[in-house]
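The questions below concern side-chain contacts in a predicted model. Each answer works through its reasoning before it gives the value or name asked for.

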Amino acid sequence: MELDENFWNSKYKNNETGWDLKAPSTPLKTYIDQLENKNIRILIPGCGNAYEADYLLEHGFTNITLIDISEVVVKTIKEKFKDNQHIKVLHQDFFTLEGEFDLILEQTFFCALNPELRQKYSIKVNELLAEKGKLVGVLFDRHFENNAPPYGGHKAEYQTYFNDYFDFKVMENCYNSIPPRAGSELFINLKKIKK
């Protein structure tokens, strides 16, 4: 299955968006709430409807970049944020992105990628992060019986992708997942190490 732009455009056009919580995830809200520097450069890859961006803006953050491969969803969020100077929306493949960020927020992007791209994801995130930058978010801690996203996995597997590029501040079971995902998520807070 080709998880390309057409695949994701079709999902949004047909409202096949079961991953969409209609709100920012609780673990990310909790993390964002304790951030003091509102000027850090934040990237949200595979941003979808970008509820986390709404939350960041409501809390005074001033430098947010959103990227998604789906033109359908990018049009929607560009319109939504058109009058906000603190946010940039890109219609682009994450793996072609260039720039430097202090924080990358992970919410349902990793699990949407073909698992063959997971090591490449870790390397790309490391490249995009500034010195001492962090990858923070949620990964599924379970397997799914399907041949399409979401793709699951487990902590030991994820460690193999991130070990060489990150210092593990946290990679533990989420204590504050939403009820339908309780017991099936890992919260990650990974700090870039130089490569």
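Q: Is Arg41 buried, partly exposed or exposed, and what is its relative accessible area?
A: In this predicted model, a residue counts as buried under 20% relative accessible area and as exposed over 50%, with partly exposed in between. Arg41 falls in the partly exposed class, with a relative accessible area of 26%.

Q: Which helices hold Lys80 and Asp54, and how many residues apart are they?
A: The side chains of Lys80 and Asp54 meet in a salt bridge at 2.8 Å, N to O. Lys80 counts as partly exposed at 39% relative accessibility, and Asp54 counts as partly exposed at 22%. Lys80 lies in helix α4 (residues 71–80) and Asp54 in helix α3 (residues 51–58), so that this pair links distant parts of the chain, 26 residues apart.

Q: Does Lys82 count as buried or exposed, and at what relative accessibility?
A: The side chain of Lys82 meets that of Glu79 in a salt bridge at 2.8 Å, N to O. Glu79 counts as partly exposed at 47% relative accessibility, whereas Lys82 counts as exposed, at 52%.

Q: What is the angle between the planes of Phe94 and Tyr121?
A: A search of the whole structure finds 11 aromatic pairs. Phe94 and Tyr121 form one that is tilted, with 5.9 Å from centre to centre and 35 degrees between the planes. Because Phe94 lies in the loop between β3 (87–91) and β4 (101–107) and Tyr121 in helix α5 (residues 118–128), the pair ties together parts that are 27 residues apart in sequence. Phe94 is buried at 3% relative accessible area and Tyr121 is buried at 0%, and the angle between their planes is 35 degrees.

Q: Why is the pair of Phe109 and Tyr121 tilted?
A: Planes under 30 degrees apart would count as stacked and planes over 60 degrees apart as edge-to-face, with the rest tilted. Phe109, which is buried with a relative accessible area of 11%, has its ring centre 6.0 Å from that of Tyr121. The pair is tilted because the planes are at 45 degrees.

Q: The charged end of which residue sits over the ring of Phe95?
A: Phe95 belongs to one aromatic cluster whose members include Phe94, Phe109 and Tyr121. The charged end in question sits 4.8 Å from the centre of the Phe95 ring, and it is that of Lys120.

Q: To how many disulfides does the count come?
A: A disulfide needs a pair of cysteine sulfur atoms within 2.5 Å. Cys111 is buried, with a relative accessible area of 9%, and Cys174 counts as buried at 13%. The count of disulfides comes to 0.

Notes:
Residues are numbered from 1 along each chain as its sequence is written. This is a predicted model: local features need pLDDT of at least 70, side-chain atom pairs count only at pLDDT 80 or more; totals for chains, interfaces and linings use all residues. Side-chain values use heavy atoms; hydrogens and water are left out. Rings of Phe, Tyr and Trp (its six-membered ring) pair if their centres lie within 6.5 Å; planes under 30 degrees apart count as stacked, over 60 as edge-to-face and the rest as tilted. Helices (H or I, at least four residues) and strands (E, at least two) are DSSP runs, numbered from the N terminus. Buried means under 20% relative accessible area, exposed over 50%, partly exposed in between (1.4 Å probe, protein chains only). A charge sits over a ring if NZ of Lys or CZ of Arg is within 6 Å of the ring centre and within 35 degrees of the ring normal. A salt bridge is a side-chain nitrogen of Lys or Arg within 4 Å of a carboxyl oxygen of Asp or Glu.
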